[in-house]
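Student: Can we go through this one together? I'd like to start with helix packing and then jump around.

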Amino acid sequence: MATKSKFQAIRGTRDLLPPETALWNHVDQTAHAVFGTFGFGEIRPPIFEETELFGSAIGAETDIISKEMFSWPEGGTSVESELPKVWMLKHLGEFETANREYVFENRQQLDLVVRQSDQTLVVEFKRRTINQATIDDIRQYRRSFSERFPEQKPPKLLLVFAEEPSEFVRKLAAANEAEIEVLHVPGYETRESVSLRPEATASVCRAYIEHGMQQLPQPVKLYYMGPMFRRERPQKGRYRQFYQIGAEVLGGNDAPAIDAEVIEMVMTFFDRVGLSGVELNINSIGHNAPDCRPAYVQKLKAALELVKDKLGADSQRRIETNPLRVLDSKLDHEQAIIATLPRIADHLCAECAAHYAAVKRQLELRGVFFKENWRLVRGLDYYMRTTFEITAKGIDSQNAVCGGGRYDGLVELLGGPPTKGIGFAIGEDRLILSLQESGKGAAPQGRDVYIAWMGEHAYAAAVHAAKDLRNAGFSVELPPTELKFGKALERADKLGSRYALILGDNEVSEGSWTLKTLAEGTQQKFTEPELLEFLKSAKASEPRS
Ligand code: ATP
Ligand code: MG
């Protein structure tokens with residue numbers, strides 16, 4: 001029985017133990033094998049990265065970033081406290097000539113709103129990248145400002161960076177008419193904060209840029225496996241340290257065949273590990289251009305406004321912040337309302353519609369069954385077109401075992417060249433749970449041979465026999481101290497050993513060893529070379545597990 005010890009694993013983390021770890025290894029090995037046949041190579045990125053990498057890639061407003069990350073300060077300059085100070089010092093003179101009427105105001109996501117007598121300046125302080133969300137916030141502020149003060153000039157937008165931003169950031173800023181200022185902060189150090197990775201796509205994209213992988217033949221196909229960390233409320237199938245197996249295809253074009261092949265690969269993997277009740281849901285969420293998703297989001301928002309009173313508080317808030325996420329709602333009383341909302345598939349631009357149709361054809365060609373689910377969405381702008389989710393049976397409400405989709409803008413958002421991208425992440429903990437619940441758990445690992453020895457000569461022979469048998473691939477248990485044969489056979493049985501090799505000093509001097517087949521209670525005598533041959537041929541004729 002388990003005892004309460006002084007130290008325990010932290011809530012939301014757990015020890016994976018034998019025999020379960022054998023199942024984990026089997027799943028890992030199957031992924032290596034299947035992904036290898038699709039031409040994917042393994043990447044092992046570090047487990048912690050700069051916090052800002054995740055903030056930029058996943059979006060500062062998501063639950064993951066806003067409340068689920070394990071972060072710690074790394075001693076670098078705090079952009080929040082240092083940049084505004086340095087900026088104000090540098091520009092103090094300009095304020096003083098402006099009638100000294102300026103005020104500072106912290107609003108929503110905006111760092112600083114400086115009001116001078118005839119001009120309002122919105123200043124946003126950043127390390128070197130910005131999210132689309134930042135731009136959207138600034139835009140919205142600008143709009144509401146013009147509504148409130150129609151007689152005043154619209155506010156000037158300024159993005160102040162502590163490091164040279166990438167070309168992409170500059171373009172994004174220019175497109176939204178923001179000015180950029182790069183400020184030298186004395187003693188400035190990067191890496192203000194680092195975080196345990198909550199997912200790995202950001203790291204893979206960072207590595208793609210950092211190692212100039214766009215120079216390699218495109219697309220680059222990478223997969224990873226390992227622990228991820230999110231400060232979530234622990235429950236069955238939801239942990240603070242959990243494991244993902246994922247893959248990304250970066251670069252090249254966005255041919256629908258790539259989407260279909262990535263999905264075919266996950267489904268092949270699930271099939272190979274024997275996952276039951278697998279259901280693939282797919283959708284297209286279009287792309288971020290005026291004639292596509294944004295137009296749909298406007299329609300959705302208008303439709304949601306009409307039923308706002310009937311929605312719960314979360315959904316009501318999302319009408320403003322992220323209307324697409326309302327479609328995600330699991331609340332019973334909202335389901336009938338959601339069913340009446342406009343559907344994105346009916347509002348895709350011509351190219352996205354054609355791409356989606358082609359992905360579906362390609363899936364059919366590969367014999368991959370899918371269900372279209374118009375409510376399957378992603379909340380971030382760089383996600384586009386194909387999105388998919390795979391569920392399996394036996395994991396109650398946490399039944400999503402894989403999420404994936406296309407994210408063509410992500411590498412560029414992280415400061416890299418324009419790069420197509422698609423990938424997925426499998427929740428390995430949930431995959432294992434599902435396998436176990438459908439009776440595919442690992443059997444306790446027995447031993448092939450338990451060596452029951454008695455006597456000094458016998459011990460020397462036993463040590464050598466153990467070495468030879470292990471070299472031949474058998475699992476061998478060699479008791480470290482002498483045991484009476486009766487006791488030794490009892491232990492052999494408890495360990496689930498298939499054979500017991502009985503070695504006493506007599507057997508050794510006669511060169512005739514006794515092998516007992518424990519389940520049947522039969523025994524045979526062999527010379528040492530015969531024994532090895534016998535065990536090998538017995539193993540070869542066993543059914544493969
Ligand atoms: P969910 O909606 O279940 O929270 P998610 O959208 O946060 O999932 P993703 O970020 O897409 O999940 O991660 C992909 C997969 O990783 C999920 O489908 C799930 O199987 C698994 N996963 C995510 N968070 C956890 C967790 N805290 N514990 C165990 N598995 C998780
Ligand atoms: Mg989640």
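Student: What should I know before reading the numbers?

Tutor: This is a predicted model, where local features need pLDDT of at least 70, side-chain atom pairs count only at pLDDT 80 or more, and totals for chains, interfaces and linings use all residues. Residues are numbered from 1 along each chain as its sequence is written, chains are lettered from A and ligands numbered from 1 in the order in which they are written, and side-chain values use heavy atoms, with hydrogens and water left out.

Student: At what angle do α2 and α7 cross?

Tutor: Roughly 105 degrees, with the axes of α2 (residues 51–58) and α7 (residues 201–210) coming within 9 Å. Helices here are DSSP runs of H or I with at least four residues, and strands are E runs of at least two, numbered from the N terminus. Axes are lines fitted to C-alpha atoms, for helices over the stretch in contact, and angles run from 0 to 180 degrees between N-to-C directions. The pair is therefore roughly perpendicular, a label for angles of 65 to 115 degrees.

Student: Which residues make the contact?

Tutor: L53, F54 and A57 from α2, and A202, S203 and R206 from α7. Contact means heavy atoms within 4.5 Å.

Student: Switching to α15. Which residues are buried there?

Tutor: A458, A461, A462, A465, A466 and L469. Buried means under 20% relative accessible area, exposed over 50%, and partly exposed in between, with a 1.4 Å probe and protein chains only.

Student: How are they placed around the axis?

Tutor: They cover an arc of only 145 degrees, which puts them on the same side of α15; the arc is taken from the directions from the helix axis to the C-beta atoms. E456, H464, K467 and N471 are exposed on the other side.

Student: What covers the buried side?

Tutor: The cover includes β17 (447–454), β19 (497–504) and α18 (528–540), among others.

Student: And R498, where is that?

Tutor: R498 is in strand β19, and its 39% relative accessibility makes it partly exposed. Its contacts include R447, D448 and E542.

Student: Which peptide bonds are cis?

Tutor: P18 to P19 is one, with omega near 5 degrees, and Q218 to P219 is another, at about -5 degrees. P219 sits in the loop between α7 and β10 (220–229).

Key
Parallel < 35°, antiparallel > 145°, perpendicular 65-115°, else oblique. Lists of a residue's contacts leave out its neighbours within four places in sequence.
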